[in-house]
Amino acid sequence: MTQRRTSIHGSWSGRLAFVLAATGSAVGLGNIWKFPYIAGENGGGAFVLVYLVCIATIGIPIMMAEVMLGRRGRQSPINTMRTLAEEAGASHLWRWIGWAGVLAGFLILSYYSVIAGWALAYVFRAAAGSFSGATAEGVASIFEQLTGDPERLLAWHTLFMVLTMIVVSRGVRGGLEKAVRFLVPGLFVLLILLDGYALASGAFDQGLEFLFTPDFSKITANGVLIAMGHAFFTLSLGMGAIMVYGSYLPERTSIARTSIIIASLDTLVALLAGMAIFPIVFVNGLEPGSGPGLIFQTLPIAFGHMPGGWLFGTLFFVLLVFAAWTSAISLIEPAVAWLVENKGMTRIYASVYAGIATWSFGLLTIMSFNRWAEFRPLSFVPIFKTYTVFDLLDYLTANIMLPLGGLFIALFSVWVMKRSDSVQELDMGDGAGYVLWRFLVRYVTPLAVLVVFLNVTGIVDFSGLLGLAE
Ligand code: PHE
C-alpha cells in the first residue's frame, strides 16, 4: 500500500459533511433556475430523458472518478493531476485538466453570481408583498425592471460575490457544513409545497406530460448536447469542483454509495422544480421556451395567490440564494486552493484575488441583459444566431468545457492511472461494481461525448437515425 497523502487545507469532519458539501455544490441554480428553462426551450420530455440517461451513465461514474482522483491527490485539481500523472509515469500535460477547470469555474461563477443576484433581489420583493395577487403581466414587468437596470444588477451581483468570498476565505469547514444541513431539507419542503400548489392548479397533468412524454421530433442535435452538458453542470462535474471536495474526504468512505446519493438528491430537486413550474406555465398561458427568466416569471404568480404566499415566497428565494451560495463556493475553490498552494497566499488573500477577477468578468453578463441585449456576437453561426453574450458564456462552459473536462478525467482515470490504484482508491473490491464503473468510464463516457459533439458540428449525422428535429 502506498503512503497516503494529506491535504494542507484540512478535511471534512466526516462522511456526512462531504455528502452535504457535495450536495450543496450540486444542488443550485442549475436545478431550479436552469433545468426548467432549458427543458422548456428544448421540447420537454425527450430532453428530460436524455438528461436522465446522461446522469446515470456518465454523471455518476464521472463523479466517482473525480472524487477518487481528488482523494488520492489531496491537492487543488491542478496539483492533484500533476502528482497523479507523475505517479502513473505519464506526461505533465495532464495538469491542464486542472487549469481548464479553474478557467471554467471562473467563467461559470461570473454569470452564476449575476443570476444569484436576481434571487437575492426577489427575497426582498417577496417579503415586501410585491407579488400578492400578481398576474403574469405583473410579474413579467417586475422581472424586466430588474434585469433592464444594470446598476441594480451590479449591486446584487456585488453582494452575492462578497457573500461567497466570505465563506471561501474561512475555509471549507467554517460555515459551509452548517449551511447545507438545513438547506437541502428546507428546499425539499418548499418545493413539495409548490408542487402541491401546482397539483391544485388544474394543469398538473399537462405539466407532467410535457416533462415526461418523450417526443424525439421536438429535440435537435444541439438540444441533445445541451442535455448532456446539463448533466455535467448540475452535478458540478468536469471542472474540478467535486475533485477538490474529494481531496478533503476522509479515507474509508464509500465513493460509489455517496456519489449515487448525491446524484439522486440532485435529480430529485430538478424534477420537483420542473413539476412545480410547468403547470403554472400552462395555466397562465405562458411560453415554456421563454428563457432564463422562466422561474422568475412563474413562481411569483403561485406565491401571489396562495395563502401566506409572501412568507413562502420569501423563504423560497432565501433557500434559492443558499443553494446558489453553496454551489458558488465550489466553483472558485479549485482556484483558491491553487493560489494557496503555489503562490503562498493566505486563504483570505487568495479569495479576495479570485473574487475580484470573477466579479469584474460578471459585468459582461450584466450588460447582456440590458445595454447589449440585442448584441449577437456569433449570429453568423446558425445555432448561435439568437445567442447573447450571456448565452454564449453559458453554452461554452456547460456544453463544451465541462464535457471536455469530463472526457479527459475519464481518459486519465482508466487509461492512464494504474488499475490497481483505482481499485484501491475506490475501495469497492474488484467485483461487478468496479467492472461496471470501469466500463462506463472507459468506453461509454468518451464515446458519448464524442458522438454528441460530432453530431452537433454535423461531421457525422445521427439525427435522422434517432428522428431528431432539424
Ligand atoms: N451544480 C451547480 C448547479 O447546478 C453549478 C455548478 C457547476 C457548481 C459546476 C460547481 C461546478 O447549480
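Me: At what angle do helix α6 and helix α7 pack?
Reply: In this predicted model, helix α6 (residues 136-147) packs against helix α7 (residues 150-169) at an angle of about 80°, and their axes are 6 Å apart.

Me: Which residues make the contact?
Reply: From α6, Gln145, Leu146 and Thr147 take part, and from α7, Arg152, Leu153 and Trp156. The residues of this contact of α6 with α7 comprise three nonpolar, two polar and one charged.

Me: Switching to α3 and α4, how far apart are the axes?
Reply: The axes of helix α3 (residues 45-73) and helix α4 (residues 77-87) are 9 Å apart, and the packing angle is about 85°. The two helices are therefore roughly perpendicular, an arrangement that covers angles of 65 to 115 degrees.

Me: And which residues are in contact there?
Reply: Leu69, Gly70, Arg72 and Gly73 of α3 meet Thr80, Met81, Leu84 and Glu87 of α4. The residues of the contact of α3 with α4 divide into three nonpolar, three polar and two charged.

Me: Now the ligand: how many residues surround it?
Reply: The ligand is surrounded by 15 residues, of which the closest are Ala26, Gly30, Tyr112, Phe233 and Ser236.

Me: What lies 2.5 Å from an oxygen atom of the ligand?
Reply: That is a polar side-chain atom of Tyr112. For Asn31, a polar side-chain atom lies 3.4 Å from an oxygen atom of the ligand. Leu29 contributes a backbone N or O atom, 3.1 Å from an oxygen atom of the ligand.

Me: How much of the ligand does the protein bury?
Reply: The protein buries 100% of the 330 Å² that the ligand exposes when taken alone.

Notes
Residues numbered from 1 in each chain as written. Predicted model: local features only at pLDDT ≥ 70, side-chain atom pairs only at ≥ 80, totals over all residues. Heavy atoms only, no water. Axes fitted to C-alpha atoms, helices over the stretch in contact; angles between N-to-C directions. Helix = DSSP H or I, 4+ residues; strand = E, 2+ residues; numbered from the N terminus. Contact = heavy atoms within 4.5 Å. Nonpolar A, V, L, I, M, F, W, Y, C, P; charged D, E, K, R; others polar. Near = heavy atom within 4 Å. Polar contact = N/O pair within 3.5 Å; in protein donor to acceptor, adjacent residues only side chain to side chain. Areas by Shrake-Rupley, 256 points an atom, 1.4 Å probe, with all protein chains shown as cover. Parallel < 35°, antiparallel > 145°, perpendicular 65-115°, else oblique.
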